[in-house]
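Try each task before reading its solution.

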Amino acid sequence: MTVRELDAAGITDPALRDAYTRCRRLNARHGKTYFLATRLLPVERRPAVHALYGFARWADDIVDSLDSGVATAARSADLARLHADLERGLLDRTSTEPVVLALADTARRYGIDHQHFIDFMASMRSDLEVTDYPTYDDLRTYMHGSAAVIGLQMLPVLGTVAPREEAAPHAAALGVAFQLTNFLRDVGEDLDRGRVYLPADLLKAHDVDRELLYWSRSTGRRDRRITEALRAAEALTRGVYREAAPGLPMLDPVSRPCIRTAFVLYGGILDAVADDGYAVVHRRAVVPRRRRAAVALDGLARVAAARAGARAGARKAPLPDPRRLPTGTLGPSPEQVHEEVA
């Protein structure tokens with residue numbers, strides 16, 4: 001699969017092929033939901049998505065390690081080295097760090113604004129020092145760099161049928177919605193890292209503070225106030241999904257099934273949180289494999305329809321549109337989808 005993706009994307013340099021392959025592995029290991037959705041993209045666009053998410057995961061791993069033996073100063077030094085390597089790589093497209101090499105190549109191929117990567121690294125640095133957010137506005141400032149810019153990085157790869165500047169706010173909102181979903185799902189794990197991403201003003205409205213969350217985590221006991229706060233966080237997150245939804249039809253038709261699948265699967269995490277009684281302080285909510293497979297298979301059918309529409313349009317057009325990338329293959333077979341969610 002990787003060889004086919006790289007060949008379709010025209011990536012021939014051996015070092016670059018190895019770099020993209022490593023990014024793909026990072027995406028597969030850390031982001032099962034989005035990795036599955038990525039397989040619904042045209043084959044030649046997948047390496048770019050793996051590069052963007054692989055780099056993000058690499059940086060995130062530096063700051064999010066649960067290894068208590070890694071001091072904050074060491075993580076800060078590692079992140080600073082990565083940032084310096086990133087800046088050099090974006091300038092001359094060379095790097096000894098594979099994830100930077102792949103990212104720099106993707107940024108060049110798709111003309112991605114370098115500021116998005118700089119903003120991302122700023123949010124990663126703040127994770128080394130900031131452990132909570134007084135207000136939702138404070139959290140949104142952080143999420144601009146940690147999540148919104150990921151959506152903005154993706155837009156040139158996905159392609160749009162509307163002016164990109166019209167689609168951009170919705171793409172940014174989708175990145176934020178995905179991250180808010182992760183914050184809600186991972187409340188307990190973030191507590192173990194000493195972090196509370198749910199804004200303090202939302203928690204305070206339900207008489208919840210950090211101490212109560214720690215008490216619940218350490219004792220395994222539930223509290224009605226925490227449940228209500230988590231329910232409010234779910235409602236807040238669903239509102240951001242509504243901000244993002246108008247952007248889906250603005251995407252290139254062959255990219256829509258991928259993003260719609262991610263949209264539905266991440267929304268399913270919110271459903272799983274609610275169905276589990278908002279027990280995320282104690283355990284992570286998980287979307288059932290059968291549900292993930294059903295959504296992915298629906299996405300596969302939508303890919304086929306989009307491909308058919310693209311072929312029909314091509315037959316009517318006297319000349320191909322030079323702005324459209326080749327559509328590659330349909331994506332995973334039903335058997336492959338079931339294998340991915342296993």
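This is a predicted model, in which local features need pLDDT of at least 70, side-chain atom pairs count only at pLDDT 80 or more, and totals for chains, interfaces and linings use all residues. Residues are numbered from 1 along each chain as its sequence is written, and side-chain values use heavy atoms, leaving out hydrogens and water.

**Exercise 1.** Find the side-chain partners of Asp105 in polar contacts.

Solution. Start with Arg108: its side chain makes a polar contact of 3.2 Å with the side chain of Asp105. Next take Tyr20, whose side chain is joined to that of Asp105 by a polar contact of 2.7 Å. A polar contact is a pair of N or O atoms within 3.5 Å; within protein, one must be able to donate a hydrogen and the other to accept it, and residues adjacent in sequence count only if both atoms are side-chain atoms.

**Exercise 2.** Is Asp105 buried or exposed?

Solution. Read the relative accessibility of Asp105: 6%. Then apply the cut-offs: buried is under 20% relative accessible area, exposed over 50%, partly exposed in between (1.4 Å probe, protein chains only). Asp105 therefore counts as buried.

**Exercise 3.** Classify Arg140 by accessibility, then list its contacts.

Solution. Arg140 has 28% relative accessibility, so Arg140 counts as partly exposed. Now set aside neighbours within four places in sequence: Arg140 is in contact (heavy atoms within 4.5 Å) with Val176, Val240 and Glu243.

**Exercise 4.** How many residues apart along the chain are Arg140 and Pro199?

Solution. They are 59 residues apart. Their C-alpha atoms are separated by 9.7 Å.
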